Amino acid sequence: MSFQTVFQSLTEGFGLNCLIFAVTLITAIPLGLLVSFGSMSKFRPFKFLERISTSKILRAISKFAPIRWITRTFVWVIRGTPLMLQIFVVLYAPGLLFEMPLRSRETAVLIAFAVNYAAYFSEIFRGGIEGIPRGQHEACQVLGMTKAQAFFRVVLPQVVKRIIPPMGNEIITLVKDTSLARVVAVTEIIMCAERFTKQGLITPLFSTGIYFLVFNGVLTLFFGWLEKKLDYYKG
Amino acid sequence: MAILEVNNLYKSFGKTEVLKGVNFSMEQGEVLSIIGSSGSGKTTLLRCLNALEVPTSGQIIVGGDVVYDSVVQKKPPKEDQRRWQLSCGLVFQSFNLFPQYSALDNVMLAPSLLAKERPDYKANKKQIHEELLEQAQALLNRVGLSEKMNNYPCELSGGQQQRVAIARALALSPKVLFFDEPTSALDPELTFEVLKVIRELAETNMTMVIVTHEMNFAKEVSDRVIFMDEGLVLEDGSPEEVLVNPKNERTRAFLGNFQK
């Protein structure tokens, strides 16, 4: 078997890894932001009970914050179970429960990845947003900015700077996680390499590491550059 | 007509009553200093007057507009609250500049966001921006920072940061400008340059309320001084009356600490 064949097959496989990577990033970042808002939600429909009653039970009910509870439970479930299992669930559950089987295994993988990474990202975003001093919000308020203006013009740029290191971590993990697509026979790079292994050739499998290393090397350089670029201010 | 009127203002946090019926009013161009020990409610009062806290009850009138009245409603609607906040300016103890923007952009940000709401914004975008830029430059010039316009807050001293914050508050042309212990985070030398700016503002007929521990400055710059204690205005009069010949025992005790 020629080097050419192996190289071509692995590169093709890695293309799929890159696709999963890109689609996950593009979908999980906005989704994660949404989830982080949910987990910071102060919406309490029974808050008024706190004022009108001293009964312990009613006061407990007044603490009920449905949006926050739902999103935090979601984050707990997603972070608390293996991504591999989640891929299986997304692929098989619609067919088993609603008789609406997912036609494409790739779609199942993309959905599972987007949801999984949104949960992790949301916690990073929440940390970043909650870490911005209250004075920044108050300054925006007294300057008559709307909540949206304050968030997008003042808070978010500072959050971006703060979360680069943890996001870098998570994104590098994502690159490697993409090979989990293999469990539902999506022909990503490792699966491609295993085909050669079955024919008695082990080198392709080991060489897949080079692809990941190079890709993550580039990402590391990128995050280093980004961090430097935002180094023009402190705070 | 009074430019600021505070009637029977109460504020509690849970069971702790911080403001217990504050009353005062001030005229256009007046400079009012509020003194008092920590925990006397000075900062809470300022935060209530800037809609950062919702008072428990009372009435606030700014420039003839009733911006808050607990009899009418517990909390004003968002749009009204925004208009209220735009009519007042607040300079914080800890500056709270936006770190990712240069001094110039810190001053320009809020006015340029506000300008987008003008009906003629789309047509005169360039001209409006030009005007705002000129205004911001003039303001930074006025606080003595024309050399530092393009510097970021982290590159400025505390005194310079506070002067940018003053320019930023002035950019929205507030009817009343509030200062919350503007020099408490600064050393004496930097304090001097900030107080100089406030002094110059006083000469331009700007209406100002200054919460301060700088007694000499209060004496020199204010038209009136209020002494607050335990959520109440105990003394209200000219600097001479309050700082030199206080009637109240509590005021005398407080001021005695500064003569030691």
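## Backbone positions with positive phi

B:E230 counts as exposed, at 55% relative accessibility; here buried means under 20% relative accessible area, exposed over 50%, and partly exposed in between, with a 1.4 Å probe and protein chains only. B:E230 lies in the loop between β9 and β10 of chain B, and its phi is near 45°, a positive value in a residue other than glycine. Helices (H or I, at least four residues) and strands (E, at least two) are DSSP runs, numbered from the N terminus.

B:F95 also has a positive phi, near 65°, and is a residue other than glycine. Its place is the loop between β6 (88-91) and α3 of chain B. B:F95 is buried, with a relative accessible area of 10%.

## Basis of the model

This is a predicted model, in which local features need pLDDT of at least 70 and side-chain atom pairs count only at pLDDT 80 or more, while totals for chains, interfaces and linings use all residues. Residues are numbered from 1 along each chain as its sequence is written, chains are lettered from A and ligands numbered from 1 in the order in which they are written, and side-chain values use heavy atoms, with hydrogens and water left out.

## Salt bridges in chain B

A salt bridge is a side-chain nitrogen of Lys or Arg within 4 Å of a carboxyl oxygen of Asp or Glu. By this rule, the count over all chains is 19 salt bridges. One of them joins B:D236 to B:R224, with the closest N and O atoms 2.9 Å apart. This pair links distant parts of the chain, twelve residues apart: B:D236 is in strand β10 (residues 232-237) and B:R224 is in strand β9 (residues 224-229) of chain B. B:D236 is partly exposed at 35% relative accessibility, whereas B:R224 is buried, with a relative accessible area of 14%.

A further salt bridge is made by the side chains of B:E117 and B:R82 (2.8 Å, N to O). It too links distant parts of the chain, 35 residues apart, with B:E117 in the loop between α3 (103-115) and α4 (125-142) and B:R82 in helix α2 (residues 78-87) of chain B. B:E117 is partly exposed, with a relative accessible area of 46%, and B:R82 is buried, with a relative accessible area of 10%.

## Helix α6 of chain A

In chain A, the side chains of A:E123 and A:R126 meet in a salt bridge (3.0 Å, N to O). Both residues lie in helix α6 of chain A, three residues apart, about one turn of the helix. A:R126 is buried, with a relative accessible area of 17%. Salt bridges that share partners join A:R79, A:E123, A:R126 and A:E130 into one network.

Rings of Phe, Tyr and Trp (its six-membered ring) pair if their centres lie within 6.5 Å; planes under 30 degrees apart count as stacked, over 60 as edge-to-face and the rest as tilted. The count by this rule is 20 aromatic pairs over all chains. A:F121 and A:F125 form a tilted pair, 6.2 Å centre to centre with 40° between the planes. Because they are four residues apart in helix α6 (residues 105-130) of chain A, A:F121 and A:F125 are separated by about one helical turn. Both A:F121 and A:F125 are buried.

## Aromatic cluster

One aromatic cluster in chain A is formed by A:F14, A:F21, A:Y211, A:F212 and A:F215.

## Surface patches

Patches are made of residues with over 30% relative accessible area and no salt bridge; like charges are joined within 9 Å, and nonpolar side chains (Val, Leu, Ile, Met, Phe, Trp, Tyr) within 5 Å. Accessible areas come from the Shrake-Rupley method with a 1.4 Å probe, and for residues only the protein chains shown count as cover.

A nonpolar surface patch of about 570 Å² is made by A:F46, A:F48, A:I52, A:I57, A:L58 and A:I61. The elements giving two or more residues to this patch are α2 and α3 (56-62) of chain A, and the largest share, three residues, comes from α3(A). A:F48 is found in helix α2 of chain A and counts as partly exposed, at 40% relative accessibility.

A positive surface patch is formed by A:K42, A:K47, A:R51, A:K147, B:K74, B:K75 and B:K78. Lys and Arg count as positive and Asp and Glu as negative, while His and the chain ends are not counted; the place of a charge is taken as NZ of Lys, CZ of Arg, CG of Asp or CD of Glu. A:K42 sits in the loop between α1 (3-39) and α2 (48-52) of chain A and is exposed, with a relative accessible area of 75%.
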